[in-house]
Amino acid sequence: MAQSYRGVPRPLIIGGAILAIIIILGVVYLAFFRAPPAPAAPKEITFYTWWAGLEEPAIKALVESYTTKTGIKVIRTAVPGGAGVNAKFAIVALIMAGKPPEAFQVHCGPEMISYFLAAPGKEADFVDLTSIGRETGVIETAVGQVCMLSGKLYTTPVNLHRANLIFMNKEILDKNGIKPPTTLDELISASKALHAKGIPAMVQAGADLFTVLHLWEQILLAVAGPLKFIEFMYGTLDPGDPSIKKATEIFLELAVTFPPDWPALDWTGAVDRVVRGLGAFHVDGDWAVGLIYTAHPGVEMCPIDAITPTCKIIVAPFPGTGDVYNMVIDAVGVPKGPAQNLGIDFAKYFTSREGQKVFNPLKGSIAVYPDIPPDIYPTVIQKWEVEQYRKSKYQVFSLTHGALFSEVWQKLLTGAVILAQYKATALDSWYSTVRESLILERKLWEQTGYYLGSPEKPFAGYRPPWAK
Ligand code: GAL
């Protein structure tokens with residue numbers, strides 16, 4: 001039998017000693033000889049956006065606050081062009097090539113389904129952000145609810161913009177004895193009167209295309225009303241519906257009053273003209289409020305129901321759409337990929353209360369959380385919008401900003417510019433563009449089977465025929 005020391009068998013003592021030596025050597029090796037671990041690569045992601053140039057301050061502030069908080073760098077790849085007229089092509093090209101950015105700007109609405117259709121693996125190539133929506137609480141908000149596609153959140157909202165606004169130069173109206181128009185008839189006669197005096201009335205912009213379709217869309221909303229407007233979005237509206245013809249006729253009456261160089265202006269240039277008194281009206285979303293606030297400080301804006309003597313720019317619902325909030329919801333999409341967790345983290349911050357409080361004051365929009373107090377906004381217009389949204393009877397999605405499949409949007413975008421350019425001679429082609437657009441829009445919804453909202457709460461209570 002092996003000898004023992006105080007009752008402990010010898011082999012056990014030897015074994016224990018060897019183990020102790022191995023552990024000590026291991027610790028010494030780890031402490032002194034092992035190469036230090038390579039410093040972790042700095043964490044960074046790319047965010048694709050069209051907020052650039054004069055429209056940059058809000059996203060810049062948001063990204064800076066995110067980086068300060070997390071140490072994660074966000075490279076903003078900005079492809080300028082309002083409404084994403086250029087950025088959408090860059091994003092889709094990357095998605096088709098299977099090399100998407102970690103996160104990208106997108107509108108809530110079927111616009112996101114167009115990215116699904118372009119991706120090699122379809123919707124499976126994108127992160128389902130529903131759980132982020134739950135964690136942040138954004139999915140509980142009315143905006144979060146309507147951002148869902150058949151009950152899933154793929155685009156997490158960061159704000160709420162309003163599309164149906166008209167910006168008016170008060171001095172021009174006062175000098176010409178014109179009351180701020182509140183009906184389409186008043187708008188048409190004011191525009192014609194100014195035009196007859198050689199004053200550009202309706203300053204829309206052709207260079208980045210979108211404000212032209214944007215104007216047609218607001219007229220359609222006023223003429224057709226919100227329910228038919230929603231049918232347009234789903235492509236279920238009869239292309240022969242009289243509202244389309246009526247809206248187009250009014251559009252042509254107003255297009256005559258555009259400034260002669262409108263094709264060369266972009267939306268920021270159009271806003272600048274109205275601010276400087278070189279034109280009376282501009283129809284746009286409240287990103288123009290953000291632009292005026294950041295690029296034209298000192299220019300006082302006021303809502304139509306509280307006009308002050310020092311007010312320079314009157315902001316009003318587009319005539320005939322007072323009880324509607326035409327929603328433009330900016331959001332973040334996150335493609336799947338090796339750094340998707342960083343993309344998700346960024347989207348989560350952006351959509352959170354904290355992120356929205358940084359972003360929205362400078363953006364001209366309002367946050368989607370109803371408990372965020374209006375006093376965070378620097379302009380009276382945003383505070384007024386909080387109230388307007390709360391009081392609105394109907395909410396619709398803007399056709400020019402997210403509510404159309406990208407292919408359809410593209411057709412209408414260029415079609416509207418051609419119509420404004422060639423007027424009556426382009427009418428037939430415009431009507432066939434609208435007809436084809438409605439047919440294609442419906443086909444794409446049907447083919448993909450999606451609808452806005454969730455099975456429990458479809459958007460606006462409207463369940464399109466293909467929704468199960
Ligand atoms: C919209 C977008 C807004 C603003 C605007 C002008 O499509 O939702 O946030 O950027 O275009 O670029």
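These legends describe close-up views of a predicted model. Local features are given only at pLDDT of at least 70 and side-chain atom pairs only at pLDDT 80 or more, whereas totals for chains, interfaces and linings use all residues. Residues are numbered from 1 along each chain as its sequence is written, and side-chain values use heavy atoms, with hydrogens and water left out.

**View 1. Residues around the ligand.** Of the 13 residues around the ligand (a heavy atom within 4 Å), Glu 55, His 107, Asp 330, Lys 363 and His 401 come nearest. The shell comprises 6 nonpolar, 4 polar and 3 charged residues, with Gly counted as polar and Asp, Glu, Lys and Arg as charged.

View 2. Oxygen atoms of the ligand lie 2.6 Å from a side-chain N or O atom of Asp 330, 2.7 Å from a polar side-chain atom of His 401 and 2.8 Å from one of His 107. The protein covers 100% of the 300 Å² of accessible area that the ligand has on its own (Shrake-Rupley method, 1.4 Å probe).

**View 3. The aromatic pair of Trp 51 and Phe 359.** This tilted pair has its centres 5.2 Å apart and its planes at 50 degrees (pairing requires centres within 6.5 Å; under 30 degrees is stacked, over 60 edge-to-face and the rest tilted). Because Trp 51 lies in the loop between β3 (44-49) and α2 (57-70) and Phe 359 in helix α14 (residues 353-363), the pair ties together parts 308 residues apart in sequence.

Technical notes:
A polar contact is a pair of N or O atoms within 3.5 Å; within protein, one must be able to donate a hydrogen and the other to accept it, and residues adjacent in sequence count only if both atoms are side-chain atoms. Rings of Phe, Tyr and Trp (its six-membered ring) pair if their centres lie within 6.5 Å; planes under 30 degrees apart count as stacked, over 60 as edge-to-face and the rest as tilted. Helices (H or I, at least four residues) and strands (E, at least two) are DSSP runs, numbered from the N terminus.
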